[in-house]
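Please look through the structure below with care, and then read the report that follows, which moves from the overall fold to single residues.

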Amino acid sequence: MLPCPQHHRVLNPSLHLHRKTNSIITVHLSTTANSEPNDRRHNSKSTSLLLRHLSGQPPPNLEQLNQTVSPEEKVKLLELALVTKRTPQFPGSIYAQSPSDADVTSSLPPLKTLFRDKGEDGNFEDEEEEEMIMKALKIRRKVTAEVFKDALRRNGKFGITYASNVVDGLPDFIDFVMIRAAALKKLPEFSNSTFNSRARTVIEDLKVVPLTRWLKHLGLTYPKIAELICMSGGNLGSIPRLVEWLRSIHVKGGFVAVALLKSRGNLLERSIEELDEIVEYLECNGIRRDWMGVVMGRCPQLLTYSMDELKTRVGFYLEMGMNEKDFGTMVYDYPRVLGHFTLEEMSQQVNYLKEFGLNNEEVSKLLAFRPQLMGCSIEERWKPLVKYLYYLGISRDGMRRMLIMKPMIFCVDLEKTIAPKVQFFKDIGIRDDAIANMLVKFPPLLTYSFYKKIRPVVIFLMTKAGVGERDIAKVVALGPELLGCSIVHKLEVNVKYFLSLGIRLRQLGEMIADFPMLLRYSLNVLCPKYRYLRRTMVRPLQDLIEFPRFFSYSLDERIIPRHKVLVENRINFKLRYMLASSDEEFHNKVKDAVERRERFESQAMTNTLTDDGLSENSSLVDFSENEVSFSVSQVTDRTQGWAKLNTSENEDSESEYTE
């Protein structure tokens with residue numbers, strides 16, 4: 001047996017320390033005795049405590065030890081004291097180090113020595129102590145959140161990312177669980193349990209994990225799930241009860257969460273009997289049962305009103321003269337019109353609409369057709385628009401017509417939608433007064449898309465339809481309806497048809513400038529009229545080029561009846577004088593033309609009889625061949641002259657008629 005080293009003799013044999021530990025301690029003693037610097041400092045505190053114990057010195061008091069603890073060490077002590085479960089440590093571990101993980105922590109001061117008592121005013125004398133309490137509370141929140149995440153992963157079978165996203169959106173619910181878990185400590189059965197076990201018990205009792213799984217199955221996103229759980233205030237049992245009721249009235253998909261969230265928690269406090277009463281009342285006033293899902297999903301505030309307030313809102317519209325059918329369709333199209341605005345705001349909107357000269361009945365019809373008007377701001381949208389239209393030259397009656405024909409104009413943005421279109425019309429050469437007349441004549445023009453409708457149609461007319469640059473302003477001003485037509489399915493088809501008839505592109509542009517609505521007719525209307533013109537009336541194509549409005553008249557009610565009248569009276573008119581007049585004017589024209597024809601025929605008959613008398617007397621005289629031929633040629637010339645005279649008279653009389 002080898003002799004022990006000399007430095008082992010100074011140690012107490014009853015300690016039974018490890019050989020390596022003995023060596024370290026001996027080295028430390030020797031370096032201390034020699035007062036030499038020591039480079040190994042990571043175990044200096046443990047070694048000093050051990051040496052003090054071996055030397056028999058009394059331990060330092062708690063106050064002295066508390067003064068030697070740095071703030072970083074205090075935070076570490078908090079973490080070690082708050083976490084009551086020892087878990088394996090590995091990268092990504094969710095638990096902090098527990099006190100039992102190291103023997104050296106047994107020599108650390110207790111947690112209560114870190115904080116002094118409060119002062120007389122109830123506040124902490126040292127701000128550092130208050131900060132330490134807040135840090136302790138923050139650590140306990142983290143522990144509760146980790147317990148909840150673990151429950152979602154283990155019991156709910158959620159992924160790590162999804163569980164983390166849900167928990168991150170539940171700060172209020174985490175505090176609720178933390179308070180409930182702390183309160184369980186007072187119960188005898190939980191007096192010796194750890195905080196982690198109590199937090200798990202609270203989460204299991206609330207059944208928040210299966211509720212989260214069910215809400216996710218309904219299609220709710222995790223932000224909505226988190227917001228809904230926080231809004232419940234711990235009353236999680238009311239959520240599935242209301243969800244099932246909303247589904248019973250046909251609220252579908254994500255609108256279930258929308259209905260619960262927009263109600264701001266008031267809906268969770270209502271009973272099923274109260275909700276059924278609201279639905280039955282609305283159903284009695286024109287809102288069908290299968291519409292309730294759309295109405296309540298878009299405006300769940302209706303479910304939070306009392307019956308008296310709901311009856312007041314419904315009566316506001318019914319007292320204006322709106323029937324139940326129109327009321328039901330209005331609420332279905334725009335549920336916010338009934339439940340979103342206050343009664344004062346609703347009255348202001350109606351009174352402003354009456355300033356355009358509308359009565360209660362007209363306002364009710366207007367709101368039934370376009371209830372979105374109730375959602376427009378008077379100061380921010382209506383007044384600037386009215387001022388803009390006034391400076392364009394549109395009177396109040398014109399605005400009233402625009403409001404009745406296209407109320408959507410008063411719902412669109414002035415600077416982004418209306419002003420750029422008006423400026424475009426000015427740029428292509430339309431005068432301000434013409435723009436005003438155009439907008440009053442066809443208000444839907446302002447609702448068309450500028451880049452998808454208006455601008456492409458103008459380019460098509462100038463490049464593909466033969467409309468010149470000087471005529472494009474006239475075409476748009478006279479036919480603003482063209483700007484709403486489809487280029488592929490309407491305009492291009494009609495242009496190809498007219499070109500196939502033999503009309504040149506330049507001639508087609510002139511026809512469109514004369515009658516812009518020419519391109520709006522369908523081929524089912526154009527083809528029968530063109531065939532009747534060419535085959536039955538036997539008119540040349542030039543007549544159609546000169547009068548393109550021919551296609552605007554009814555074939556059965558105008559063209560065919562008037563053509564028969566002309567044939568029966570053996571007269572002929574140009575298309576313009578034949579069609580562009582009233583029935584009375586047309587009959588007067590026919591009567592005058594018949595009288596002229598009869599005068600011409602009587603004069604021609606008289607001249608013919610005179611010529612016949614001369615020919616009988618000539619048989620008694622022996623005329624030469626040249627003299628006879630002269631007499632015949634003279635009669636022929638006279639006949640042709642009368643025909644020319646009759647034609648010129650007809651043309652002069654027809655030129656006096658205007659369209």
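Helices (H or I, at least four residues) and strands (E, at least two) are DSSP runs that are numbered from the N terminus. This is a predicted model, in which local features need pLDDT of at least 70 and side-chain atom pairs count only at pLDDT 80 or more, while totals for chains, interfaces and linings use all residues. Residues are numbered from 1 along each chain as its sequence is written, and side-chain values use heavy atoms, with hydrogens and water left out.

**Overall picture**

The protein has 33 helices and 0 strands. Of its 659 residues, 40% count as buried, where buried means under 20% relative accessible area, exposed means over 50%, and partly exposed lies in between (1.4 Å probe, protein chains only). Among contacts (heavy atoms within 4.5 Å) between residues at least 6 apart in sequence, 69% join residues at least 24 apart.

**Salt bridges**

A salt bridge is counted when a side-chain nitrogen of Lys or Arg lies within 4 Å of a carboxyl oxygen of Asp or Glu, and by this rule the count comes to 17 salt bridges. Side chains of opposite charge can pair when their charged atoms come close.

| Arg141 | Asp175 | 2.7 Å |

Arg141 and Asp175 meet in a salt bridge through their side chains. Arg141 lies in helix H5 (residues 127-154) and Asp175 in helix H7 (residues 171-183), so the pair ties together parts that are 34 residues apart in sequence. Arg141 is partly exposed, with a relative accessible area of 33%, and Asp175 is also partly exposed, with a value of 22%. In the pair of Lys426 and Asp432, Lys426 is partly exposed at 32% relative accessibility, and Asp432 is partly exposed at 41%. Arg539, by contrast, is buried, with a relative accessible area of 9%. Asp150, Arg153 and Arg154 are linked in a network of salt bridges.

**Two residues with positive phi**

Most residues other than glycine have a negative phi. Lys207, although not a glycine, has a positive phi of about 55°; Lys207 lies in the loop between helix H8 (195-206) and helix H9 (208-217), and is exposed, with a relative accessible area of 56%. Val538 has a positive phi near 55°, sits in the loop between helix H28 (523-536) and helix H29 (541-546), and counts as exposed at 60% relative accessibility.
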